[in-house]
Amino acid sequence: MDPAGPVTLRTSKFISNRLLNRKQFVLTVLHPTRPNVSRTELAEKLAALYKADKERVVVFGLKTKFGGGSSQGFGLVYDDEESQKKFEPRYRLVRNGLAPKVEKASRKLRKERKNRGKKLRGKAKSKAGDAAKKK
């Protein structure tokens, strides 16, 4: 396995979506000497191919075919940052560094806090959540 081996990109089902200000396509990646190719590397190659900024390229849903050597996924190339922020799901904006990740307590801690609150009424209910934070 050659980590710097050749990579071939093929796009199919190409649509220029004017309503969402983007180009969208199915992406087939041929990588016979590599296990797989990173999304950032694919974004750079697609940006060069479509003469766009690499931050405007979004690649997702990559699945490696059984036996390796080929992957298939979906690609979007946005015309501008505003439309990307408007139409992309938040998790993909976080993944591309365009939105901050919301830090929240662990799932177990949230459930424990909820159940502790069930046993109390009134003002004491809000204090039940605070007690968990102090521990």
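Me: Why is Glu88 called buried?

Reply: Glu88 has a relative accessible area of 5%. Buried means under 20%, exposed means over 50%, and partly exposed is what lies in between, with a 1.4 Å probe and protein chains only. So Glu88 goes down as buried. Bear in mind that this is a predicted model, where local features need pLDDT of at least 70 and side-chain atom pairs count only at pLDDT 80 or more, while totals for chains, interfaces and linings use all residues. Residues are numbered from 1 along each chain as its sequence is written, and side-chain values use heavy atoms, with hydrogens and water left out.

Me: What makes Glu88 and Arg92 a salt bridge?

Reply: The term asks for a side-chain nitrogen of Lys or Arg within 4 Å of a carboxyl oxygen of Asp or Glu. Here the N to O distance is 2.7 Å, so the pair passes by that definition. Arg92 is buried too, because its relative accessibility is 10%.

Me: How many salt bridges does that rule give?

Reply: Six. Among them is the one between Glu41 and Arg34, whose closest N and O atoms are 2.9 Å apart.

Me: Are Glu41 and Arg34 buried or partly exposed?

Reply: One of each. Arg34 has a relative accessible area of 10%, so it is buried. Glu41 comes in at 22% and is therefore partly exposed.

Me: What joins Asp79 to Arg18?

Reply: Their side chains meet in a salt bridge, at 3.1 Å from N to O. This pair links distant parts of the chain, 61 residues apart: Asp79 is in the loop between strand 4 (70-78) and helix 2 (81-87), and Arg18 is in the loop between strand 1 and strand 2. Asp79 has 36% relative accessibility, so it counts as partly exposed.

Me: Why is strand 4 described as largely enclosed?

Reply: Because seven of its nine residues are buried. The C-alpha atoms of Val77 and Lys23 are 5.1 Å apart, although 54 residues separate the two in sequence.

Me: Which strands pair with strand 4?

Reply: Strand 2 runs antiparallel to strand 4 and is joined to it by nine bridges, with Leu76 as the strand 4 partner of Gln24. Strand 3 (residues 57-64) is also antiparallel to strand 4, through six bridges, and Lys63 stands opposite Gln72 there. Strand 3 and strand 4 form a hairpin with five residues between them, and Gly67 in the turn has a positive phi of about 100°.

Me: What makes up the positive surface patch?

Reply: Lys101, Lys104, Arg107, Arg110, Lys111, Lys114 and Lys118 form it. Patch residues need over 30% relative accessible area and no salt bridge, with like charges joined within 9 Å and nonpolar side chains (Val, Leu, Ile, Met, Phe, Trp, Tyr) within 5 Å. Lys and Arg count as positive and Asp and Glu as negative, with His and the chain ends not counted. Arg107 is in helix 4 (residues 107-118) and has 57% relative accessibility, so it counts as exposed.

Me: Is Arg116 exposed or partly exposed?

Reply: Arg116 counts as partly exposed, because its relative accessibility is 26%. Arg116 also lies in helix 4.

Note on methods
Areas by Shrake-Rupley, 256 points an atom, 1.4 Å probe, with all protein chains shown as cover. Charge placed at Lys NZ, Arg CZ, Asp CG, Glu CD. Helix = DSSP H or I, 4+ residues; strand = E, 2+ residues; numbered from the N terminus. Pairing = 2+ DSSP bridges.
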